[in-house]
Amino acid sequence: MASIFKLLFLILFLGLVFQGVAANCPIEGRFSISQSQTPDWAHGMPQWKVKVTNKCACAQSQVKLNCSGFQTNFVENPSILNISGNVCLLKNGLPIGIGETVEFLYAWLPKFPFQPISSIGDCN
Ligand SMILES: *[C@@H]1O[C@H](CO)[C@@H](O)[C@H](O)[C@H]1NC(C)=O
Ligand SMILES: *[C@@H]1O[C@H](CO)[C@@H](O)[C@H](O)[C@H]1NC(C)=O
């Protein structure tokens with residue numbers, strides 16, 4: 001009897017551990033970021049569409065990208081991409097759901113290698 005409880009406890013414990021791992025997915029793998037050139041140009045620069053997808057098992061808010069050195073001729077809606085200094089805030093800091101993709105446009109050459117800096121997991 002006691003061993004069944006131990007087993008149940010172990011299963012519960014491992015479940016919590018794995019849930020924790022999924023919730024605290026490391027920043028490097030938390031988002032997939034892809035970009036493709038659009039047919040449009042802005043003031044002599046090719047335009048790019050960036051797609052940022054939440055790959056984590058929790059919604060992510062306050063999603064910030066490293067925008068150090070980022071330049072653009074196309075002004076995106078700041079409620080989607082708010083550029084402040086070296087940091088770009090996505091979606092006004094609102095949560096990006098599991099599997100949700102946020103898209104924004106910019107225009108420059110060469111294309112800019114966006115990297116996530118930080119986000120806050122909302123695992124409820
Ligand atoms: C942002 O990118 C720049 C240039 O690659 C790098 O020097 C800097 O350390 C990065 N900042 C963060 C917070 O990752
Ligand atoms: C952009 O972010 C800055 C810093 O968080 C904030 O003060 C500003 O109101 C934001 N701008 C817009 C248009 O959301």
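Predicted model: local features only at pLDDT ≥ 70, side-chain atom pairs only at ≥ 80, totals over all residues.
Let me begin with the core. The largest nonpolar core has 17 residues, and those with the most contacts inside it are Val52, Leu65, Phe70, Leu90, Phe104, Tyr106 and Phe114. As for the elements behind it, two or more residues come from each of strand 2 (45–54), strand 3 (59–66), strand 5 (87–90) and strand 6 (101–107).

From that list I would like to pick out Phe70, which is buried. If we set aside the neighbours within four places in sequence, Phe70 is in contact with Leu81, Ile83, Cys88, Tyr106, Phe112 and Phe114.

That brings me to the rings. The structure holds six aromatic pairs, and one of them joins Phe70 and Tyr106, whose ring centres are 5.2 Å apart and whose planes stand at 70°, so this pair is edge-to-face. The pair links distant parts of the chain, since Phe70 sits in the loop between strand 3 and strand 4 (81–84), while Tyr106 belongs to strand 6, 36 residues apart. Tyr106, like Phe70, is buried. Ring pairs also connect Phe70, Phe104, Tyr106, Phe112 and Phe114 into a cluster.

Finally, the ligand. Which residues are around ligand 1? They are Asn66, Ser68 and Ile117. At Asn66, an N or O atom of the side chain is 2.3 Å from an oxygen atom of ligand 1. Taken alone, ligand 1 exposes 360 Å², and the protein buries 28% of that.

Technical notes
Residues numbered from 1 in each chain as written. Chains lettered and ligands numbered in written order. Heavy atoms only, no water. Near = heavy atom within 4 Å. Polar contact = N/O pair within 3.5 Å; in protein donor to acceptor, adjacent residues only side chain to side chain. Areas by Shrake-Rupley, 256 points an atom, 1.4 Å probe, with all protein chains shown as cover. Core = buried A, V, L, I, M, F, W, Y, C linked by side-chain atoms within 4.5 Å. Buried < 20%, exposed > 50% of the residue type's maximum accessible area, 1.4 Å probe, protein only. Helix = DSSP H or I, 4+ residues; strand = E, 2+ residues; numbered from the N terminus. Contact = heavy atoms within 4.5 Å. Phe/Tyr/Trp six-rings, centres within 6.5 Å; stacked < 30°, edge-to-face > 60°.
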